[in-house]
Amino acid sequence: MTDATADALRDLPARPAPTVRVRGYWGSVWNRLRYDYVTLFCLALILVIIGLAIFAPWVAPMDPYKSSMAHRLKPIGYRNYLLGTDEQGRDMLSRLLYGGRVSLTMGILPVGLATIIGGLFGVVAGYFGGAVNMVIMRTMDIFFAFPSVLLAVAISGSLGGGITNQLLTLTVVLIPPLCRVAETATSQVRNMDFVDAARSTGASTASILFTHVLINVMSPVLVYASTLVSVSIILASGLSFLGLGVSPPTADWGLMLSTLRQSIYVQPLVSAIPGIAILITSIAFNLVSDGLRQAMDVRA
Amino acid sequence: MWLYAARRIVLTIPILLGVTIICFALVQIAPGDPIQNLLSPTASAADAARLRAAYGLDQPLPVQYFIWLGKVMVGDLGMSIANNTPVTGEVLHAFMNTIVIALISVVLAFVISMIFGIIAAYRSGKLVDKAITAIAVFGISVPPFWLGVIVVIIFAVNLSWLPATGMGASGSENFSYFRWADFKFAIMPIIALALPPLGIMTRTTRSSVAEILNQDFVQTLRAKGLSEAQVIIHAVRNIMPQAVAMLGLQLGYLIGGSVLVETVFTWPGTGYLLNKAVLTRDIPLLQGTILVLATAFVLINLVVDLAQSMIDPRLKRS
Amino acid sequence: MALPVSSPQATASDPRDRGGPAQPLLIVEAMRKYFPIRAGLLNRQVAEVKAVDDVSFFVIKGETLGIVGESGCGKSTLARLLMHLIPKDQGQLVLDGDLVGEARGVLLNDLRRSLQMVFQDSSSSLNPRLPIEQSIAYGPKVQGASGKSAKAQARALMEKVGLNPNLFGQRYPHELSGGQKQRVNIARALALDPRLLILDEAVSALDKSVEAQVLNLLADLKRQLNLTYIFISHDLHVVRYISDRVLVMYLGQVVEIGPVEAIYDDPKHPYTQALLACRLSMDPEARVDAAPLAGDPPSPVSPPSGCRFHTRCPFVEEVCKAKAPALGDVLKLDPGQHLAACHMVHPGSGHSRAAASAALH
């Protein structure tokens with residue numbers, strides 16, 4: 001290059017610096033999810049189901065508690081009973097919508113509570129290691145000695161039925177697996193050099209945990225927690241099925257399934273409806289968590 | 001490897017102790033006076049006092065625990081409130097009914113899931129893969145007790161092929177899995193029990209076979225001129241230790257998780273017993289059944305770990 | 001103690017200087033770290049890995065001390081001990097005349113500011129969920145800077161290491177190349193305005209051309225910021241290029257220390273000789289065919305008796321197996337001096353070659 005061209009180049013008006021499109025971690029996760037139509041569909045479905053449950057009083061065509069001896073166990077499409085009636089002549093559709101409130105709460109709330117409590121124990125165990133880890137993880141191991149259904153029946157069976165006890169039971173059952181996932185993720189992050197780099201700046205443990213550890217532990221824990229929502233819904237409906245959930249007049253998918261079981265000879269299709277609701281919801285949650293796992297690139 | 005086995009066995013002891021602590025705690029968390037939970041409502045005050053002394057309920061909690069543990073060690077799980085019979089006998093009898101159908105279900109699910117998983121991984125992305133994945137997702141998402149209700153509707157109500165519930169006229173005493181008239185009663189519980197583990201194991205097999213097929217040594221095998229069938233045999237041999245672990249875990253889950261399915265089919269196993277205990281608030285029966293099932297679960301896991309260490313060459317050496 | 005003969009830069013102008021130019025910036029005395037090995041039925045401690053075993057040396061202000069040795073010789077453990085990232089079993093650190101960790105001496109926080117480390121593995125040394133500007137600004141924030149001034153500092157440092165803050169500030173580590181990540185690592189280490197930088201295999205994972213750029217950057221920064229380096233590497237060429245003095249480690253111990261020319265031109269310890277013979281020569285005719293160092297180093301769990309190198313040494317004699325050779329008093333040495341822990345260089349040690357090489361320097 002001659003001096004003349006170099007000068008000419010220097011005289012060119014400075015081009016504006018190229019703007020860098022910055023897409024953070026969540027941005028790139030969303031970008032991958034955007035083209036995953038199955039996951040998006042299931043996500044939309046879940047939002048619809050949740051919306052219907054929240055707005056049940058406005059959406060439901062009839063009073064879910066109004067029974068009628070004359071209209072017991074009517075088939076699907078009978079008069080204005082879109083999904084037929086149950087063994088007490090109550091409108092199935094309305095009960096289904098109301099029932100979603102309890103069933104979805106029992107799917108989501110215990111997972112949320114267990115994620116916070118189990119995640120906290122797991123992060124502490126994973127970060128501090130040593131004796132702290134021993135005490136926490138060996139305690140969790142004892143709970144792992146029970147298959148989840150058995151543990152749920154054991155605790156719920158002793159505590160007795162009712163919505164609070166059910167919530168408590170499910171939370172206790174879900175804490176150990178979440179704790180273990182959080183512990184594994186944390187001890188992996190803990191051994192990374194950037195944590196040592198942070199320690200060598202003289203940062204406090206709390207600061208390191210919040211700035212460097214939690215942010216990295218979050219995605220595997222959240223992905224795992226999302227797989228537990230459907231587990232929790234099925235467990236909750238199972239407990240209700242055994243009579244360990246809400247008390248009878250209240251609508252709940254598991255309880256509806258249990259009471260309608262006596263009627264399978266009369267109205268097999270109507271009796272199967274609450275199960276279909278559970279099945280669809282749980283498939284939707286499972287597929288969404290599969291999609292999330294792929295988008296967040298978390299190994300199983 | 002012997003060291004590993006010895007260590008694994010030693011590590012099981014504290015877990016089992018922990019299990020007994022939780023089972024002991026079950027009586028404590030139950031609302032009301034523990035003595036009321038242990039006693040039938042018709043019992044007299046004298047009975048209550050006698051029991052209180054027998055259980056050492058006037059002692060501090062840790063002492064109570066050791067008294068109880070001592071009884072458990074010699075096989076005394078207390079008396080059932082409903083029947084006033086020893087819990088131990090009742091549980092062990094029911095346990096046999098549970099473990100047999102659990103075993104049949106899990107082996108059935110295992111064989112099918114291996115075939116499904118291998119085909120799906122091999123035809124990854126194809127229609128077969130999608131169909132198998134759909135079955136697996138269904139298996140994982142379906143509430144097993146509802147599935148029980150559905151198979152009853154189909155096979156018992158609509159088609160009248162199979163009996164809906166129970167263990168047949170002869171009852172569980174004379175039940176034989178080798179007699180068709182009896183075995184018919186077991187078919188539907190087996191289907192309902194097998195589907196969830198089928199879903200989970202199919203997914204696991206699919207992903208581990210797919211991972212193996214992506215590895216360099218598989219390319220080498222193909223380059224060496226091995227047929228695809230031989231390549232698959234190599235891949236399967238590689239996932240065997242993992243598959244055995246999976247099988248054991250699922251068996252454990254079925255033993256503990258059969259509560260609902262057994263209730264649907266009134267199959268007289270431990271699950272049915274648990275349901276009965278819950279309904280009648282028979283806490284000793286609940287406690288005893290759970291203790292036996294959890295212990296079985298722990299022991300199955302132990303056996304599986306030991307079996308895995310024997311067939312996995314990597315663990316064998318360490 | 002003697003005046004440093006080869007103090008490359010004058011340090012008198014540095015306001016952080018307390019001990020004067022003659023005071024070494026860092027004195028490491030009898031540092032020791034054993035890692036327990038647990039095994040058996042009850043997980044009892046059955047042995048120890050002697051990762052760092054009585055290591056003593058000092059670093060003069062403004063110099064670059066190279067530390068070389070095979071992988072597993074304890075180099076990285078030593079670096080982490082100096083940074084207080086793992087607790088030491090025994091030993092002392094003296095920073096510019098003040099004992100670290102003692103009540104009246106230098107507090108750990110001061111040490112942290114004076115001593116920073118650049119890590120080896122660029123994939124795990126940066127938080128994947130933090131934009132790099134925030135990674136650099138983290139240290140100053142921890143030390144009490146406001147968010148705004150920490151950010152300004154981070155951007156200034158990015159300029160200094162050759163990264164345009166407008167272009168790179170908001171990027172995440174996975175969007176950077178290996179060389180760029182290492183520049184960020186250096187910027188982060190500089191954010192607390194340290195006096196001594198420990199570079200643990202800081203350029204080892206880079207391509208040769210990028211490595212050269214980063215080495216030049218390190219040389220520039222050292223001049224501009226009045227830094228002192230401890231440069232840990234297994235790459236003998238790089239160490240020769242950047243170091244003023246070199247320390248050779250073998251199985252957790254110092255076997256030879258001296259000025260870079262002395263070590264490279266006239267290695268005294270047979271281990272150093274073997275290491276240097278292993279180097280690939282630029283001249284294809286001069287390349288070695290036979291491996292001068294046979295086999296793996298012995299396990300640091302049960303190091304050989306006497307001289308730890310005797311199992312692989314071509315000059316091994318009875319005295320080597322019986323008695324460990326002393327290095328000499330490294331803390332009293334003149335920085336221009338050359339010491340080796342080998343019976344052959346100690347007159348009267350009983351080794352047949354000892355008499356022939358009666359004195360060093």
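Author: Take residues 243–265 of chain B to start: the span is 91% helix and 0% strand, with its end C-alpha atoms 30 Å apart. Bear in mind that this is a predicted model, where local features need pLDDT of at least 70, side-chain atom pairs count only at pLDDT 80 or more, and totals for chains, interfaces and linings use all residues. Residues are numbered from 1 along each chain as its sequence is written, while chains are lettered from A and ligands numbered from 1 in the order in which they are written.

Reader: What makes a stretch count as helix or strand?
Author: Helices are DSSP runs of H or I with at least four residues, strands are runs of E with at least two, and both are numbered from the N terminus. By that rule chain B has 14 helices and zero strands.

Reader: How do you know that helix α4 of chain B has the span it should?
Author: The expected span is 1.5 Å times one less than the number of residues. For the 13 residues of α4 (residues 61–73) of chain B that gives 18 Å, and the end C-alpha atoms are 18 Å apart, so the two agree. Just after α4(B), B:Gly75 takes a positive phi of about 90 degrees.

Reader: What makes residues of chain A and chain B count as in contact?
Author: Their C-beta atoms, placed from the backbone, must lie within 7 Å. On that test 36 residues of chain A are in contact with 40 residues of chain B. The largest share of chain A's side, 10 residues, comes from α12(A).

Reader: And what makes a residue on that side nonpolar, polar or charged?
Author: Ala, Val, Leu, Ile, Met, Phe, Trp, Tyr, Cys and Pro count as nonpolar, Asp, Glu, Lys and Arg as charged, and the others, Gly among them, as polar. Sorted that way, the side of chain A that touches chain B has 23 nonpolar, 11 polar and two charged residues.

Conventions. Two residues are in contact if their C-beta atoms, placed from the backbone, lie within 7 Å.
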